[in-house]
Amino acid sequence: MRFLFSMAFIVVLISANESVYASECSLEVTTGDNLAYSVSEISLPSNCEEVAVTFKHLGSLPAAVMGHNFVIAKTSDLQPIQDDANKAGMAGGWLLADDARVIAATKIIGGGESTELIIKSSSLSSSEQYSFFCTVMSHSAVMRGPIS
Ligand SMILES: [Cu+2]
């Protein structure tokens, strides 16, 4: 009986540890029926090889009306990526196809939808500055923030 109790205690300890680890290497960003993310900046924990970003649209408008994406690139590439995204337009998913400057990007989501994106630390250099932004209809003019 004492053995069973100890085992149960150990299992609780292990699962508690795992959830702490998971929350360190994951983060949630939400958006809605407006031109804003829930965060104005993101800092990536240095001890994570990859960080999982859950991106949720809490609004009710469909993607064709108030869709948003979550794109990561060097800050110096933000405007060129947006310019080409505008040429791609809605038909092109508001991103140039296979844009090599894009480090990671989610699909465009509308109200009630959710998606995920993985940021690999190996894809970021400590000597560069990076930003997250939305390329839908030039939203990046206001939907943008630095990554540190
Ligand atoms: Cu947007």
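**Exercise 1.** State which residues Trp94 is in contact with, leaving aside its neighbours within four places in sequence.

*Solution.*
1. Take the criterion: two residues are in contact if their C-beta atoms, placed from the backbone, lie within 7 Å.
2. Set aside the neighbours within four places; Trp94 then contacts Asn69, Ala85, Ala88, Ile108, Thr135 and Val136.

The model is predicted: local features need pLDDT of at least 70, side-chain atom pairs count only at pLDDT 80 or more, and totals for chains, interfaces and linings use all residues. Residue numbers start from 1 along each chain as its sequence is written.

**Exercise 2.** Locate Trp94 and decide: buried or exposed?

*Solution.*
1. Helices (H or I, at least four residues) and strands (E, at least two) are DSSP runs, numbered from the N terminus.
2. Trp94 sits in the loop between helix H3 (78–88) and strand S4 (104–105).
3. Buried means 20 or more other C-beta atoms within 10 Å of the residue's own, exposed 12 or fewer, partly exposed in between; C-beta atoms are placed from the backbone.
4. Trp94 is buried because it has 25 C-beta neighbours inside 10 Å.
5. In the chain, 24% of the 148 residues count as buried.

**Exercise 3.** Work out the sheet containing S4, and why one side of S4 lacks a neighbour in the sheet.

*Solution.*
1. Two strands pair if DSSP finds at least two bridges between them.
2. An open sheet of 4 strands runs S4-S3-S6-S7, with antiparallel pairing.
3. S4 and strand S7 (144–147) are at the edges with a single partner strand each, so one side of each has no neighbour in the sheet.
4. Strand S3 (residues 71–74) is joined to strand S6 (residues 130–133) by 4 bridges. Val71 stands opposite Phe133 in S6.
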